[in-house]
Structures are given as structure tokens and as C-alpha cells.
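User: I'd like to go through this model piece by piece. Can you take my questions as they come?

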Amino acid sequence: MATDSEVMRPPITSLGVIGWLRQNLFSSWYNTLLTFFSAWLLYVILTNFLHWALTVARWDVVTANLRLFMVGQYPPDQVWRVQLLVTLIALLFGLSWGTWKGIIRSISISLATGFGLLGLLPFSLGVRLWLFASLAAVFIGFILGHVLSTRGDLLRRRMARGLLAVWFLLFPLTIVLLRGFQGTPWLPPIGTNLWGGLLLTFLLAVVGILASFPLGVLLALGRRSEMIVIRTFSILFIELVRGVPLVTILFMAQIMLPLFLPPGLRIDRVIRAMVGITLFSAAYMAENVRGGLQSVPEGQVEAARALGLSGPLILLFIVLPQALRAVIPAIVGQFISLFKDTTLVAIIGLMDLLNVGRAVLANPQFLGLHREVYLFIAVIFFIFSYAMSYSSYRLEEALGVGER
């Protein structure tokens, strides 16, 4: 029988705080010097920034124009449509959290945390009530989804299918709700020239992401097609679009496109911008997907053919899942880039978030407050870009990208 002195203890795998500091920050004399210099530099930058942010900066330029930043010139008495839409999205996230769990859980908790933190800020009573109602919608949705999904597999599958259908219908519902109907006093029509701020930025980004992804996949498949016409068209489209800047495409969509349309036919400016952003992003998306397609070994396709699978089934169940999984970081990077590129529509006169900031700064009451406005806009873009990046990281973890 082994005594206590003969039992081998497991090896120490953690360094502890002191060990970590010694290994990473003070391992040599020059690392120690660099650590102290970096700490001094951070101290100087942070103290100056906090002094400016807390005592010098005039944040009233943000609070006084918050509605403009969020929805642009959307009529104030119709802002309830946007608020209703946001609350509905919060409810859907809660239902998805309760039904599917996984990565939706992190997104829903982050969304609820954001509503809670914003609700603590000194907004008007109506805005704070709406924020807390949206916060409650997340948890109500979670409870409903969790309760219904735990009452049998059949109900859970129906719940999942219903949720997918609602998510797909959300975008047309958004457009109907925001645009309204002619002749309806409770939902009067509101032209897209009044859409602006973060609302317009979101719509441009969401349409660009949802439309450019399938179009990019089709172009990538077309570029590898054995049919010469489809392959040539795909190559020409991808190379032509990638060869010009996005600003050029936006200008062409705004100025050149109306010249080729029949008299009397006019396409809305926002839709033209959406089409331009979608086509530009689809060309880059196609190249990302093509990289994933090339990473799938040819032997798997031959094995699937040997088993009797048809071409579409091989593509749908063998090639595309592996190809898309391999390029998730590149695809999400493209989505983040698209989200930030929406600011270029300010050049063609659309009142997106950046252009609203410029309009606010033109007000004599807020002259010289560039730092406050641009810092506020940068924080908004950072929050949503980081949320997409974090979601991508969690999705890669769930799918085991880079581990197999």
C-alpha cells in the first residue's frame, strides 16, 4: 500500500498572478523597462482622456440630438414604429434563446444588458420605459421559448420552424412598418428620404449582408462552373466590381442608372444604394467562398459520386457546409467591413449616422464639438462590429473551426 510520501502530486499547470507578471512583463531588464514605459504612457493618455470626457466635453450635443442620431428625420409622432420593431426583435431573440440556446444565449444576454444600461441613462421617461419594456421582452421570450421547447420534441420542432419563418418575415415586416400605407391614418406613408441615422445604417447593412451572401455563393459556384457562359459572366462580374471603389458604384447607381431607365420609371435612392452595396459586397464574398470551395478535397466529391449522390446533393450536403465553415472568419470580416462601408452613402446625400453627425455639427449651437460627435459615432460602430466579431468567434468555437 502506497504511503502519502509516495503519491505523486499532479504537475502545476497555472503560474499564478506573480508568476504570470514575472514571465510576461518582467522577464528581462528591457521587458521591465518597456512595461514601465507602457504603463506611464497609458496613464498619461487615460488621465487626459478622462479629464476631457468628464469635465471639458459637452455631451449635450449627443443628448439633444439623440433622436436625429437614431432615426434621422423620421416623424417624431411615428417613432413608435421603430420602437415597436426593436421590442419585437428583442422578443424574437428571447424566444430563440429559449428554443435553441447556444450562441443566441450570449447575444440575447448582451442585448438585454445593453437595454438595461441604456435605461439607466438620463433619457426621457418614455424612452426609458421603452428600453425596460424591450429588456423585459427578452426574458419573457426566453421563458416562453424554454417552456414550450421542453414540452416534447414535436412541439420543439414546430417552435423552431415557426421561429425561422418569423425571422425570415421580419425584414418585409420592417419595411412595411417603416414605410406605411397610403390612405391609412394609423400607419401613414413615410418616404425613405426621411429615414436616417442609425436606422438607415442598419437597413443598408442588413440588406447588404442578407442579399450579398447568397449572391456571392452563386457567383463563387458560377466561377467554378464547367459551363463557359456562366463561368465567363461570373469572372467578368467579380473582376469588374472588385476593380472599382464602392464610391464609384454608389455614384453610378445614383447618377448613371436613371439615364438608362424608361421615362417615368424612378427607383428610390435608398434602394439604389442598397443594390450598389449588395453588388459590391457580393463580388468580395464570392472570392471568400471560392477559397472555401478550394479547401474541400476532391476525394470527398468522388466518394459521394461513388455512393450515387447527384451533383446538387453533393454540393448541398458535402461541399458547401465544409466550404462555408472554413471561411467563417473571412465572411464575418466582410460583413463588418460592409457595415462600416455604409458610411460612404453620406457622399451621395443619404442621411446615415455619419451624415447626421455632420448635419448636427453644422448647427451654430454645436460648432466645434467634432470630438464628441465623432467619438459617439465611433463607439456605436465599435459596439456592433465587436458584437459581430464575438458572435463569429463563438460560432467558430461551436463548429470547431481550426480544431479538426
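User: Where in the chain is I103 found?

Analyst: Quick heads-up before the answer: this is a predicted model, where local features need pLDDT of at least 70, side-chain atom pairs count only at pLDDT 80 or more, and totals for chains, interfaces and linings use all residues. Residues are numbered from 1 along each chain as its sequence is written, and side-chain values use heavy atoms, with hydrogens and water left out. Helices here are DSSP runs of H or I with at least four residues, strands are runs of E with at least two, and both are numbered from the N terminus. On that basis I103 belongs to residues 103-120, which is helix α6.

User: Is I103 buried, partly exposed or exposed?

Analyst: The cut-offs are: buried under 20% relative accessible area, exposed over 50%, partly exposed in between, using a 1.4 Å probe and protein chains only. I103 has a relative accessible area of 25%, so the label is partly exposed.

User: And how far apart in space are I103 and I143?

Analyst: In sequence, I103 and I143 are 40 residues apart. Going C-alpha to C-alpha, the separation of I103 and I143 in space is 17 Å.

User: Zooming out, how many helices and strands does the chain have?

Analyst: The C-alpha atoms fill a box of roughly 95 × 70 × 55 Å along the principal axes. Of the 404 residues, 36% count as buried. As for secondary structure, the tally for the chain is 17 helices and zero strands.

User: How is α9 oriented relative to α12: parallel, antiparallel, perpendicular or oblique?

Analyst: Axes are lines fitted to C-alpha atoms, for helices over the stretch in contact, and angles run from 0 to 180 degrees between N-to-C directions. The axes of α9 (residues 197-223) and α12 (residues 269-294) come within 5 Å and cross at roughly 45°. Under 35 degrees counts as roughly parallel, over 145 as roughly antiparallel, 65 to 115 as roughly perpendicular and the rest as oblique. That makes α9, relative to α12, oblique.

User: What residues make up that contact of α9 with α12?

Analyst: For the classes, Ala, Val, Leu, Ile, Met, Phe, Trp, Tyr, Cys and Pro count as nonpolar, Asp, Glu, Lys and Arg as charged, and the others, Gly among them, as polar. The contact of α9 with α12 splits into 21 nonpolar, five polar and three charged residues.

User: Where is the kink in α9?

Analyst: A bend at a residue is the angle between axes fitted to the seven residues ending there and the seven starting there. In α9 the kink is about 30° and comes shortly before the proline P214. The residue where it lies is S212.

User: What is the arrangement of α13 and α14?

Analyst: Helix α13 (residues 298-306) packs against helix α14 (residues 311-326) with axes 11 Å apart, at an angle of about 160°. That angle makes α13 relative to α14 roughly antiparallel.

User: Which hand does the crossing of α16 and α17 have, left or right?

Analyst: The axes of α16 (residues 353-361) and α17 (residues 370-399) come within 10 Å and cross at roughly 165°, which makes α16 roughly antiparallel to α17. A crossing is left-handed if the near helix is turned anticlockwise from the far one by less than a right angle, and right-handed if clockwise. For α16 and α17 the crossing is right-handed.

User: Is N355 buried or exposed?

Analyst: N355 sits in helix α16. Its C-alpha atom is 9.3 Å from that of L344, eleven residues apart along the chain. With a relative accessible area of 11%, N355 is buried.
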